[in-house]
Number of protein chains: 2
Amino acid sequence: MPVGTQATVKTLTPDELYQMEAGIILSNTYHLHLRPGEDLIAQAGGLHRFMSWNRGLLTDSGGFQVFSLKGLRKIDDNGVHFNSHIDGSRHYLTPEIVMEIEQKLGADIAMCFDECSPYPCSYEEAEKAVQRTSLWAYRCKNYHSRSEQALFGIIQGSIFAELRERSAREITDLNFPGYAIGGLSVGEPKAQMYEMLDNTDKWLPFDKPRYLMGVGAPEDLVEGVKRGIDMFDCVLPTRLARHGTAFTHQGKLVVRNAGCAADFSPLDDYCDCYVCKNYSRAYIRHLIKSEEMLAPRLLSYHNVYFILKLMEKMRKSLQEGKFSSFCEKFYNKYRF
Amino acid sequence: MPVGTQATVKTLTPDELYQMEAGIILSNTYHLHLRPGEDLIAQAGGLHRFMSWNRGLLTDSGGFQVFSLKGLRKIDDNGVHFNSHIDGSRHYLTPEIVMEIEQKLGADIAMCFDECSPYPCSYEEAEKAVQRTSLWAYRCKNYHSRSEQALFGIIQGSIFAELRERSAREITDLNFPGYAIGGLSVGEPKAQMYEMLDNTDKWLPFDKPRYLMGVGAPEDLVEGVKRGIDMFDCVLPTRLARHGTAFTHQGKLVVRNAGCAADFSPLDDYCDCYVCKNYSRAYIRHLIKSEEMLAPRLLSYHNVYFILKLMEKMRKSLQEGKFSSFCEKFYNKYRF
């Protein structure tokens, strides 16, 4: 799903996301808690209304951001003290406070407050995070009261198969309407990420959505779906766009490079998005070199469209029982 | 008309400008000559095609930008030597070279290469610029050969009524299909600009478009139309947008200010644009504070829409013979 960190999918409007048939976006609880604050958003009538988005909306728990604030945070079993990355102000999050914030934001799906282990980390650290994540999931579920909002559990366990399994067992025991796999795509080799996903089927019920957090690149979406994942989120499409790079069916294209200077073909010959129908690589490169905001905007549009289309094609191929032929076609074209 | 400096109206797409019924945009010859170069644009099939814009397009002559490069340029009757503001490289422009560039860019309207006097300047300097502008207009007209492209003459004369009249006489003698008034809105008091426009009727034929270059603010458009001007261009709508400011029927609104933090009303209560129908001041202020590109984008959309709508209302009131009642209503609401 497209990621709307600050209550916007960077550079894009909701209307553009509707055009591309985006069904759900993610907003970051951590960022919105610090600025503009959940009370202002509640006053606006909730996050949907604040950002003028009328489709699916998911808020993460802030756990990932808080645990990335190395040195700025102190954690115990009750919660996390941290300093804002914006102004250094002191803040405190517990499972109950996070539920309070997410309920005020009012997304359709809220995520439990979890402890996301860094990579690399020791077995003992990862085990501690699994224990805490289970305890906090229990407290989140206990506190959460907004019945029209679905609360998803998160599975941790770093790169230890045994811990992943234990976390999955403990979290699924709490019976959430959906399950996320957290703590991957945090720097571990891709092979290790795929290995952790290989056992997904054993851990997680078939009849509930499985969501791989913070992933990812086109090939990771394919590998994730292959392993039973239903949902993904990632900043990559818009971040690459801001760095002048486009997804294509042949792999990533650095539009910023001189090779595109007089290339009047579209970003991706196989793409039928608004950008590919109207603009050339040469034009978009000119916008990048001139530091025009239209450049990241057009690239973001194309990249998000590319990812949504890729997911749509995978859904269709699964419905038609043709997923392995889809994968073959994908990898025949795609260059890493 | 909206201004597309680098072959884009900053932050906006052609589709958005079509939605707002923009009929014409301006692109800067100086900027496009330096980057990406008129040859690349000709190779792309011309500027319309390069930027995917299929309505009216006007290119200025680069004169205004070149004469702003104080210290970096050397001028004589034949042309101007200057150093690029991007990389310091040496360039030379003459009326003939400018015509060559504008013909390659292929806009619907090209402007003659003129000498734009700075403000303040002496009568003698202004007189020299008027002479040169007439000589260059003659050479431009002589050289210009692309018959489907209209070439407009430019009138100079700084703030000297006598020189304005002389320049107008000399330029109109050359019989261009349209006339621009250049060298205003360059720092002179507004009263002086209006005074220079007061005599427009005497100088310029009724049956050809009159274009006031580089203007401007909503009140200047009203005062310009009052004095017989048909066309304007200005970077103000998008520049103010990038600085967090919106045009409104009550005057300028600094959305960045704390006063908008919990203001859930639209940018302008009297505006029916996409932005005013969907977003609040509080949301847009949040985007500004979070340095999200969507902020300048939404503000640019609204500001350009505001200006185009203002022009449309003036056209309508003129057709209906109600222009003075329009002006009264405008100034009743508008605060400076």
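The model is predicted, so local features are limited to pLDDT of at least 70 and side-chain atom pairs to pLDDT 80 or more, while totals for chains, interfaces and linings use all residues. Residues are numbered from 1 along each chain as its sequence is written, and chains are lettered from A in the order in which they are written.

Chain B has an open sheet of seven strands, with parallel pairing and the order 1-2-6-7-8-9-10. Helices (H or I, at least four residues) and strands (E, at least two) are DSSP runs numbered from the N terminus, and two strands count as paired if DSSP finds at least two bridges between them. At the edges sit strand 1 (24-27) and strand 10 (231-232) of chain B, each pairing on one side only. Elsewhere in the sheet, strand 7 (residues 150-155) runs parallel to strand 8 (residues 179-181) of chain B, joined by three bridges. Here B:Ile154 stands opposite B:Ala180.

As for the two chains, a rotation of 180° with 0.0 Å of shift along its axis puts chain A onto chain B, with an RMSD of 0.0 Å (least squares on the C-alpha atoms of residues with pLDDT of at least 70 in both copies). The copies are thus related as by a two-fold rotation axis. In chain A, the C-alpha nearest that axis belongs to A:Met293, 3.7 Å away.

Lastly, B:Lys226 lies in helix 11 (residues 218-226) of chain B. B:Lys226 and B:His249 are 23 residues apart in sequence and 18 Å apart in space, C-alpha to C-alpha.
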